[in-house]
Amino acid sequence: MGIKGLNKLLTENAPLASKSSDIKSFFGRKVAIDASMCLYQFLIAVRQQDGQQLTNDNGETTSHLMGMFYRTLRMVDHSIKPVYVFDGKPPVLKGGELEKRLARRAEANKSMEALKETGTAEELAKFERRTVRVTREQNDEAKHLLKLMGIPYVEAPCEAEAQCAELAKAGKVYGAASEDMDTLCYKTPFLLRHMTFSEQRKEPIQEIDINKVLEGLEMDQKQFVDLCILLGCDYCDSIRGVGPVTAYKLIKEHGTIEGVIEHIESLGEDTKYKVPEEWPYVGARNLFLNPEVIPGNEVELKWSAPDEAGLIKFMVEEKGFSEERIKSGIERLKKGLKTSAQGRLDGFFSVRPKTPEQIAAAKKKRQAEEAAKKKAKKMKKK
């Protein structure tokens, strides 16, 4: 689920924290990728013309393998060195969110059954996407594929996003690539969104700098985590009646969730805000600030030449992919990984920080651009 409304809140209150870049901008970068999120995306998006998942002649789903193979090639083509991180055991506090997801899938299955005779193919496909889940077998197949491709992967003890952030903090990679905004709660230096989108989506990569987030919001990391819990996260419910704007205002005024609760209690019974009973926000805070991860300095990442014979056997002979296309992909892998070894020129130079005057001017310029965009949209509607 991520953090509700956080992206919009950052756009309005920390405009300098985010920038859009072409994938070419990340030449020579090492990037940690949330593999579990990717596989889910691939099972949803990589489809045949009739809207069904890709399958081989044996009826086995192959959407996840096609997505993993070709999206990885896209990054390697741009001399990016990816490392994939797989989820481990979910924390106990996430149980409630997982139960909600199971309930939504069960409801979608019921709707599919009801529409089987009367529904259109488009309606059935819509509900089928809601039933998608990544199986253990699909995870294992993805790991096997990555090993054959010479791409490293890490099995996190708990949340993949937390492990991605740890690798970035330890300097093993440049940033963490995930669609979930809660990756920022683990203080990754940079969050990269849309990194694994297909070329067809034509979406620029959104790069969010956590230090600029904290600077723009005028908060420390603990206050930022408390803000995110108030906005709504996977680990616990939020306070009823508190939306993004109010959550930001309350943390700014009272500093912590404890301060916010004390303030709400002082308003008496007539207040519209309702703090959940037995609210485990302390546990959620601890999961963000002290996540269970493998220390970054204990992780060794190694990119190696692809196993050509192994890839042909697995992807062509076992999974039914085109031999010509897989061989072409192997050549792209060898070329891309060789090129990325050259590294980045900016690695040899230190970047001088901007002065307060430059930061203020950039913020003013960004606000003016946002105002101009809003004005243009209003004019179009008229």
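Trainee: Hi! How are H9 and H11 oriented to each other?

Mentor: Hi! In this predicted model, H9 and H11 are oblique to each other. Helix H9 covers residues 221-231 and helix H11 covers residues 257-266; they pack at an angle of about 50°, and their axes are 9 Å apart.

Trainee: Which residues make the contact?

Mentor: From H9, they are Asp 226, Ile 229 and Leu 230, and from H11, Ile 257, Glu 258 and Val 260. That contact of H9 with H11 divides into 4 nonpolar, no polar and 2 charged residues.

Trainee: And what about H9 and H12, at what angle do they pack?

Mentor: H9 and helix H12, residues 281-289, pack at about 130°, with axes 10 Å apart. H9 and H12 are therefore oblique to each other, and their crossing is right-handed.

Trainee: Which residues of H9 meet H12?

Mentor: Gln 221, Lys 222, Val 225, Asp 226 and Ile 229 do, and in H12 they meet Tyr 281, Ala 284, Arg 285, Phe 288 and Leu 289.

Trainee: Switching to strands: why is S2 largely enclosed by the rest of the structure?

Mentor: Strand S2 spans residues 30-34, and it is largely enclosed because 4 of its 5 residues are buried.

Trainee: What does Ala 32 stand opposite in S3?

Mentor: In S3, Ala 32 stands opposite Val 83. Over in S5, the bridge partner of Ala 32 is Ala 176.

Methods:
Residues are numbered from 1 along each chain as its sequence is written. This is a predicted model: local features need pLDDT of at least 70, side-chain atom pairs count only at pLDDT 80 or more; totals for chains, interfaces and linings use all residues. Side-chain values use heavy atoms; hydrogens and water are left out. Axes are lines fitted to C-alpha atoms, for helices over the stretch in contact, and angles run from 0 to 180 degrees between N-to-C directions. Helices (H or I, at least four residues) and strands (E, at least two) are DSSP runs, numbered from the N terminus. Angles under 35 degrees count as roughly parallel, over 145 as roughly antiparallel, 65 to 115 as roughly perpendicular and the rest as oblique. Contact means heavy atoms within 4.5 Å. Ala, Val, Leu, Ile, Met, Phe, Trp, Tyr, Cys and Pro count as nonpolar, Asp, Glu, Lys and Arg as charged, and the others, Gly among them, as polar. Buried means under 20% relative accessible area, exposed over 50%, partly exposed in between (1.4 Å probe, protein chains only). Two strands pair if DSSP finds at least two bridges between them. A crossing is left-handed if the near helix is turned anticlockwise from the far one by less than a right angle, and right-handed if clockwise.
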